[in-house]
Protein chains: 2
Amino acid sequence: MQWVKVLGGLVGASALLGLGIILGRFAIPKGADAPAPGVSVSQDLDLEILETVMKQLDASKIRENLRELSREPHLASSPRDEALAQLLLHRWRDPESGLDAAEAPTYEVLLSFPSRERPNRVAVVGPTGTILFSCRQSEQNLTGEQGGPDVVPPYAAYAPPGTPQGLLVYANRGTEEDFMELQTQGIRLEGTIALTRYGGTGRGAKAVNAAKHGVAGVLVYTDPADINDGHSSASQTFPNSWRLPPSGVERGSYYEYFGDPLTPYLPANPSSFRLNPDTVPGFPPIPTQPIGFEDAKILLCQVNVSVHNRLELRNSSNVLGIIRGAVEPDRYVLYGNHRDSWVHGAVDPSSGTAVLLELSRVLGTLLKKGTWRPRRSIVFASWGAEEFGLIGSTEFTEEFFSKLQERTVAYINVDISVFANATLRAQGTPPVQSVIFSAAKQIPAPGLDGLSIYDNWIRYFNRSSTAYGLVPSLGSLGAGSDYAPFIHFLGISSMDIAYTYDRSKTSARIYPTYHTAFDTFGYVDKFVDPGFSSHQAVARTAGSVLLRLSDSLFLPLNVSDYGETLRNFLQAAQRDLGVLLEQHSISLGPLVTAVEKFEGAAAALGQHVSALQKDTPDPLQVRMLNDQLMLLERTFLNPRAFPEERYYSHVLWAPRTGSVATFPGLANACSRAMNTSLGSAAWAEVQRQLSILVVALEGAAATLRPVADL
Amino acid sequence: MQWVKVLGGLVGASALLGLGIILGRFAIPKGADAPAPGVSVSQDLDLEILETVMKQLDASKIRENLRELSREPHLASSPRDEALAQLLLHRWRDPESGLDAAEAPTYEVLLSFPSRERPNRVAVVGPTGTILFSCRQSEQNLTGEQGGPDVVPPYAAYAPPGTPQGLLVYANRGTEEDFMELQTQGIRLEGTIALTRYGGTGRGAKAVNAAKHGVAGVLVYTDPADINDGHSSASQTFPNSWRLPPSGVERGSYYEYFGDPLTPYLPANPSSFRLNPDTVPGFPPIPTQPIGFEDAKILLCQVNVSVHNRLELRNSSNVLGIIRGAVEPDRYVLYGNHRDSWVHGAVDPSSGTAVLLELSRVLGTLLKKGTWRPRRSIVFASWGAEEFGLIGSTEFTEEFFSKLQERTVAYINVDISVFANATLRAQGTPPVQSVIFSAAKQIPAPGLDGLSIYDNWIRYFNRSSTAYGLVPSLGSLGAGSDYAPFIHFLGISSMDIAYTYDRSKTSARIYPTYHTAFDTFGYVDKFVDPGFSSHQAVARTAGSVLLRLSDSLFLPLNVSDYGETLRNFLQAAQRDLGVLLEQHSISLGPLVTAVEKFEGAAAALGQHVSALQKDTPDPLQVRMLNDQLMLLERTFLNPRAFPEERYYSHVLWAPRTGSVATFPGLANACSRAMNTSLGSAAWAEVQRQLSILVVALEGAAATLRPVADL
């Protein structure tokens, strides 16, 4: 049989009969400067190494990282932000504990800042124009950290400049419904200043909704009921507790989309085509300013709002570091967080960066010692300008679209690592559920003698799974942090991991000093996580997930868990939309079939995996299987599904505005079609969305079936 | 070193030191019913097998195939078309010479047919309405094959019904310029019937251009100067020569786009969302009818055109067959052609299908004997309804978008295999040039004692390459056959292979009986390729290309050949657009840099390949490299680059309307901006197109660089 050919001439019969182990000297990438021990293409997760990493992740080192990271305010593109980029670069290039390579590429992006010379102002004015009262222009200097020149005054990034004046109208959360309600009550909105509170809708949406009713300016304050469980006095708030002080103001980006506003779908390189800033969509249409609750309760009558924000093109850095894979260097596990903060940003984002640095130190040390090198490449990222709209991460996905989409196994995001000390909380797409569970089961929950993170987690967040019974519930990914471009634009399985609240103890919308000058190291050290054991728990969980993804021979992505999501979405559609659709002669039958096909293909693939795992599989065969697992998430992307929703192409996780908890395209199209007549364009769109969905699910099932099936 | 772990416990030190050969029993796909001999993951192209295949490809068998395929008319979705689908299925399921599996899935697509009851009619009418002359309603029955009930009368598919009547105006080729010229001459076009000749622009475009000027109906004829080198008498034409008889009429689709008109971007499954046929874009706006030159020269004065075409939803089958890959079953080499014809379609498309069947017979026989199984999977396809607009292939790419994009190595199209006997001609994207050259160098040109196909080819089509000197020139791919959705929509490296004319002997626009009832077996057997040696030559060339792609350990796709295209496009831009761009402060600098980066990365990768080939490489390492080669073409896709151009997303091969032979997006945007003012939206579009291009080329270079580079 002449087709059994061998390239070299050195192969004896015994080697032919030998097991599938290859002394793969070609698998060691060039330029790997750490000792490169012999490599086995069957290299798998090493539980001893995993244990070593878990042990070495050190709470006190995370605390020291956080102290340094949050020592000074480090607003995106500020000198301190750049200095921290250098700090990361320095750590990742350390000869004892660094990575294989690290870089800090820069984008030129459009940010928005208040004017130093003409501070934004909110004042109550009398009938003759006399100023009766002025809101604070900065937070009270309670710990000596709120007074420096680098503390950016509270402002609404991307709100346009202007000095509207008018009667104050309280507009609750500034939703569309809130303004309709005011109109129903006969309240004239034209030319008024709307006072709104945070929550209920996006920041920018408040100004968009207000402007539709002729409102001239918007104020946004943080209500003690929403953030402090009702407490508001100085003695009950920071620095006496973790609660927000009366002068605290939540800053934030009021831009509607994400990414650099001038370069959608293009990296913000200096030569890239830029939109005209005067006509770019997504900025608030009217002057907007955030204030503290101390001031909010005083405001009366005629209010004058002076906003002097300016748009500026700035250079913002990402920092990237890599540990090259020993066997499959072209498969990337990404782990990232942003670096920029509004002020000191101890919780947001430095609690995540402190963990990131500890994890990279421990892995870097094992690497430099020659003890370990992962099977796949690990890429660490410190993103710039996230607070202005996930800008650094989005530009990165735009620049390396093809490479990332072809090769990325998963993206792990740890932004705020610790909101509070009660429990783990994780968001992600279904394929990552199993690997997070595996990790969480083997790590002790801090302070709960013997209870695992998993066992503790299930006490706080749980659901009944048809496949597994009671399990911790994984949240779904919105667009709240840097995972957004990875999941929505690239279709990469993503997750976000943190420690969080006991909801029976607080109803705070988020940790109280969020985006204020009170989010400092002392705040974390004293109130959020004294002892840093929750930080350590997150480091261990995320670190274990990372290692499992980078080192396991078989990718620990359980694609059949998507079946449960699809089934739930389908049932909601049948229950809440079935009759309506039937009335319009639209059948859910093809969708039912597609979901069934997906379930069948996923189950069969699962059995195939189990069978392979029992034996000593050929690494090429495992690679083919892993490609199916890795690329499943990509099959749900359709760049033509939602042409008006910038970046959102994932047909399962695009934003849902319709009230039925089902497939977003279907939910939204139905909600728009609901009150239109039979045969309307809106009903045609329902049918189009249904077809898009069916094709995506059928296509997904096709990629899970045996690869040589027709 | 505890990380050198082995899953099983059977591995001795000798196996660890053994060479990289794996007894990959898992690599043999389940369900492969042919004998599955032991498989080596290093399995490479076997030159003896290649030689065997070349020898066994039999001209007389191709002739027999063609006789059967073209025995009866087989218009898309007709009973005979379905019978041929069954014939293919039967052949591909043959126990002696069939494939591993074959299927014939069906789509429900919108086709257009003339009415049987009310034949289309073109008549000259007198002032009182008397018919002075009527054009033929069918071709003359010259060989006994033009008279049957299955010979569809000449018509313009998708032209709307209607009975316009008006003065006849000769409008040359019906281009925009032709109608402008008539207008300049003061000729009133409103309400006229335009007589146009084939060529110069697309079929449908003639009616679109005419309607803009108020023309009421369009006739299209074939001019003897364009098709018969001027000859037109009965004695000089078929059946006395290969030339078109006076009564011959070219049929064709007048639809502007491709794919099923009702389901753009969706497979035409019964449940798929469909557009309203009354408002679907892309159909000719006015009644249109093709006629023969015999009638064209008689037409005078007032003409009445009656078109009674009807749109019908029809079932149309693709036939698919697979030979499962032994080592990498998840990598597909696709080989296809359409099956449907306008009438008997001996040349178009049966000359290609006859070759396809012979190739699948020879490979199937080796497979069933257990002599051979390819390294990668081979998929054969017989597409339905191509003549109506590449419908079967397009629906297939829409249905299996993700799977095909992830796994397809290349698409080989052989539609008309023999236009004439002079020389090979090939079209394709640059990565396929080298594999076609390799094949063509080793196959003798028919009838040219000792001269290879390559040596003969270079005499007819050649160019001077900076890298190689004088080489045969590869044409670029338009949208003339089923490769279009593969290259433009999926970004899969594609090619089209045929034997063709000596242009010094004929200036015929295409072979004369194209799309007429005279394209019969006798025509091929007597005039096109007596002895079928050109058919055999194409079978060998395409077969060799197929085997090289399916069996070579290293994929024979030379990505660095793209560098030459980019450099040529760049030079044209610099030469012909540079000054204009500079005047508008647009720099080509970033594009120059991007091209240089591409060249550098491609050259380095080439060296890496050469180095690896000298040794006995690890198959996983080769797989990673092959993924880079396979996926390069995908990096040039941007679904947001040309939103108005349906399916076209390839930034290098989208349709170019601008006159400069450079990157199409840039050429078109410049040509539109040319006469607009500084700062216009058209000039912003030029900058946007330039950025899209730079990002695509930078992204392409990034995928060619070492996979673990940051």
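The buried residues of helix α4 in chain A pack against several neighbours. Two of these are helices, α3 (59-69) and α9 (346-369). The others are strands: β1 (101-103), β12 (310-317), β13 (319-323) and β15 (376-383). This picture comes from a predicted model.

Helix α4 itself covers residues 79-92 of chain A, 14 residues in total. From first C-alpha to last it reaches 20 Å, close to the 20 Å expected at 1.5 Å a residue. Its buried residues include four leucines: A:Leu84, A:Leu87, A:Leu88 and A:Leu89. A:Ala85 and A:Trp92 are buried too.

Now turn to two other helices of chain A. Helix α20 spans residues 664-673, and helix α21 spans residues 681-704. They pack at an angle of about 170°, with their axes 8 Å apart. Angles over 145 degrees count as roughly antiparallel, so α20(A) is roughly antiparallel to α21(A). On the α20(A) side, the contact is made by A:Gly665, A:Leu666, A:Ala669, A:Cys670, A:Arg672 and A:Ala673. Helix α21(A) contributes A:Ala682, A:Trp683, A:Glu685, A:Val686, A:Gln689 and A:Leu690. Of these contact residues, 8 are nonpolar, 2 polar and 2 charged.

Annotations come last. An unreviewed UniProt entry places the feature "domain: Transferrin receptor-like dimerisation" at residues 586-705 of chain A. That span is 61% helix and 0% strand, and its end C-alpha atoms lie 29 Å apart. The unreviewed UniProt annotation "domain: PA" covers residues 167-252 of chain A. Here the chain is 27% helix and 17% strand, with the end C-alpha atoms 25 Å apart.

Terms used:
Residues are numbered from 1 along each chain as its sequence is written. Chains are lettered from A and ligands numbered from 1 in the order in which they are written. This is a predicted model: local features need pLDDT of at least 70, side-chain atom pairs count only at pLDDT 80 or more; totals for chains, interfaces and linings use all residues. Side-chain values use heavy atoms; hydrogens and water are left out. UniProt positions are given in the numbering used here, feature names are shortened, and annotations may be inferred rather than shown by experiment. The expected span of a helix is 1.5 Å times one less than its number of residues. Buried means under 20% relative accessible area, exposed over 50%, partly exposed in between (1.4 Å probe, protein chains only). Contact means heavy atoms within 4.5 Å. Axes are lines fitted to C-alpha atoms, for helices over the stretch in contact, and angles run from 0 to 180 degrees between N-to-C directions. Angles under 35 degrees count as roughly parallel, over 145 as roughly antiparallel, 65 to 115 as roughly perpendicular and the rest as oblique. Ala, Val, Leu, Ile, Met, Phe, Trp, Tyr, Cys and Pro count as nonpolar, Asp, Glu, Lys and Arg as charged, and the others, Gly among them, as polar.
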